[in-house]
Amino acid sequence: MGMDQEQFHIDFERTGGFTGGTIRIELNSEELDPGQVEALKELIDRSGFFEAFAMENKFLNMPDQFHYHITIDHVGKKRTLELSDGSMPDLFRPLINYLVRLTRKSRRS
Amino acid sequence: MKNIIYQINGIIPPHMAERILENGTPGQKKKAEAYIRIAGQMRGQRQQLSELTRKSAAAAGERVRKVYDAQNGSDLPGTLVRSEGAGPSGDAAVDEAYEGSGATYDLYAEAFGRNSIDNQGMDLKSTVHFMEGYDNAFWNGEQMVYGDGDEDMPEEERLFNRFTAAIDIIAHELTHGITQYEANLVYRNQAGALNESFSDVFGSLVKQRVKNQMAGDADWLIGEGLFTDNVNAIGIRSMKAPGTAYDDPLLGKDPQPGHMNDYVDTIADNGGVHINSGIPNKAFYEVAVELGGYAWEKAGKIWYHTLCEELDQSSDFQKAANSTHKVAGELYGRNSDEQKAVYNGWKAVGIIPAADQRRGCRGFVSRTWRSIFGSRNA
């Protein structure tokens, strides 16, 4: 059964980096404000998250990089991507940056 | 001739040949130079041994620093904003990257005779202002990259300052480059934790050298000043007391262990490379403090030669302990105070260095040495 057009679920985790810390967030569209929902839908669409070819992460041996683990469940489609700073197409960066900002805000609230 | 070269390549470490270059007779020096040149050729691209033959080149070598500005984008390297010899730019991040990479080059050149990251005079490239709100620094295989912290957050919520603010972070990243050209330790599990630890060790040594600090006077903190005042922290990591660098309601407690009894088995962070590095970090601290003086002169030298000549991609903590112990014996003599300090340092973190594998072969080595180089007094 497909999800409502307005509904999505996101699991996001960032690991590694110089500090080696982990941040993560779980987002349900029904718990976000309308502005955030619209922003995320647009960023997911613009990144081509569901259309992008599977990318082999060849950069795991790159010291101190951030690694990103993202699962998005939207309109009945579900996909998980593993990205890192060295392998990430520029199209994904706005989405990643937005998710990092939401994660930071949620940690402080 | 080939057999002889093979034989000496397997027995005589380059730092021993270095001592002959410094102290031997003219005839011994000539033979040592020939050995080093041939041995270096045999080891191919990594060229660990070429440090010795390039000592004069390194001394005459020049730093070539280039600092770029990503202007908050992600294109690397970005726009060149300061080159070698140019005056301060007025941009703190640019000038810190420039000065920090220079101090790092100087430690490696002046203390260990190394000519830049690849020992071939490679340009030191740094990019600052990478993206917005990028709270990280990394080595991408070719250059160093620094973010400005979480400057995109309101000031009262910021956790990180810019990543060039701490000179040991700059030296840490540059050392990842050196490790890549030497042991090339795989960035996972214990090999990855050693990779991290070597970066912390030499990061701290660059900081101590700039501050003209003896081992006993240093704070042994990594990333001091990186956290903002909003965080309850004294640094990112403590080599002296792993696990005590921060304890904050938002970030939690520093998870680093300082003893094998507390080793953390995890799949996160590439198998805990930034966590378990606390164990070899602490071992180095113990060695350096027991030896006293400037930490780069003896402890740093032992660690540097171990990284360049003894370790490989899959080395683990035990291999690092055995190798530093062996190198200390070769550099300073069996049962020397230096070798004892290395033993004690690893023992303090729960790792006993294996006995010198060359025990009993001393006579053979001496005989081989004399057959090649002759008597030291000849």
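Analyst: Two residues are in contact if their C-beta atoms, placed from the backbone, lie within 7 Å. Helices (H or I, at least four residues) and strands (E, at least two) are DSSP runs, numbered from the N terminus. Axes are lines fitted to C-alpha atoms, for helices over the stretch in contact, and angles run from 0 to 180 degrees between N-to-C directions. The model is predicted: local features need pLDDT of at least 70, side-chain atom pairs count only at pLDDT 80 or more, and totals for chains, interfaces and linings use all residues. Residues are numbered from 1 along each chain as its sequence is written, while chains are lettered from A and ligands numbered from 1 in the order in which they are written.

User: Great. What does helix 7 of chain B lie across?

Analyst: Helix 7 of chain B (residues 167-181) lies across strand 3 (124-128), strand 4 and strand 5 (144-146) of that chain, and it runs at about 20° to strand 4.

User: And in what order do the strands of the open sheet in chain B come?

Analyst: The order is 2-1-3-5-4, with five strands and mixed pairing. Two strands pair if DSSP finds at least two bridges between them. Strand 2 (79-83) and strand 4 (137-139) of chain B are the edges, each pairing on one side only. On average, neighbouring strands of the sheet are turned by 20° against each other, direction ignored.

User: How many bridges join strand 1 of chain B to strand 2?

Analyst: Four, and strand 1 (residues 65-69) runs antiparallel to strand 2 there. B:Val67 stands opposite B:Arg82 of strand 2, and B:Lys66 has B:Ser83 as its bridge partner in strand 2. With strand 3 of chain B, strand 1 pairs in the parallel sense over five bridges. There B:Val67 faces B:Ser126.

User: Is strand 1 of chain B mostly covered or uncovered?

Analyst: Mostly covered, as five of its five residues are buried. A residue is buried if 20 or more other C-beta atoms lie within 10 Å of its own, exposed if 12 or fewer, and partly exposed in between, again with C-beta atoms placed from the backbone. In a regular strand, side chains alternate between the two faces of the sheet. Here B:Arg65, B:Val67 and B:Asp69 are buried on one side of strand 1, and B:Lys66 and B:Tyr68 are buried on the other.

User: Changing topic: what's going on with helix 12 and helix 13 of chain B, where do their axes cross?

Analyst: The axes of helix 12 (residues 317-332) and helix 13 (residues 337-348) of chain B come within 8 Å and cross at roughly 165°. The two helices are therefore roughly antiparallel. Angles under 35 degrees count as roughly parallel, over 145 as roughly antiparallel, 65 to 115 as roughly perpendicular and the rest as oblique.

User: Which residues of these two helices meet?

Analyst: Among them are B:Ala321, B:His325 and B:Tyr332 from helix 12 of chain B, and B:Val342 and B:Trp346 from helix 13 of chain B. The contact has seven nonpolar, four polar and one charged residues. Ala, Val, Leu, Ile, Met, Phe, Trp, Tyr, Cys and Pro count as nonpolar, Asp, Glu, Lys and Arg as charged, and the others, Gly among them, as polar.

User: What is phi for B:Asn335?

Analyst: About 65°, a positive value although B:Asn335 is not a glycine. Most residues other than glycine have a negative phi, and most peptide bonds are trans. B:Asn335 is in the loop between helix 12 and helix 13 of chain B, and it counts as exposed, with 11 C-beta neighbours inside 10 Å. B:His129 also has a positive phi, near 55°, and sits in the loop between strand 3 and strand 4 of chain B. B:His129 is buried, with 24 other C-beta atoms within 10 Å.

User: Is the peptide bond from B:Leu76 to B:Pro77 cis or trans?

Analyst: Cis, with omega near 5°. B:Pro77 belongs to the loop between strand 1 and strand 2 of chain B.

User: Last one: how many residues of chain A are in contact with chain B?

Analyst: 25 residues of chain A, meeting 29 of chain B. Helix 2 of chain A gives the largest share of chain A's side, seven residues. That side has six nonpolar, 11 polar and eight charged residues. A:Gly20 is in the loop between strand 1 and strand 2 (23-28) of chain A.
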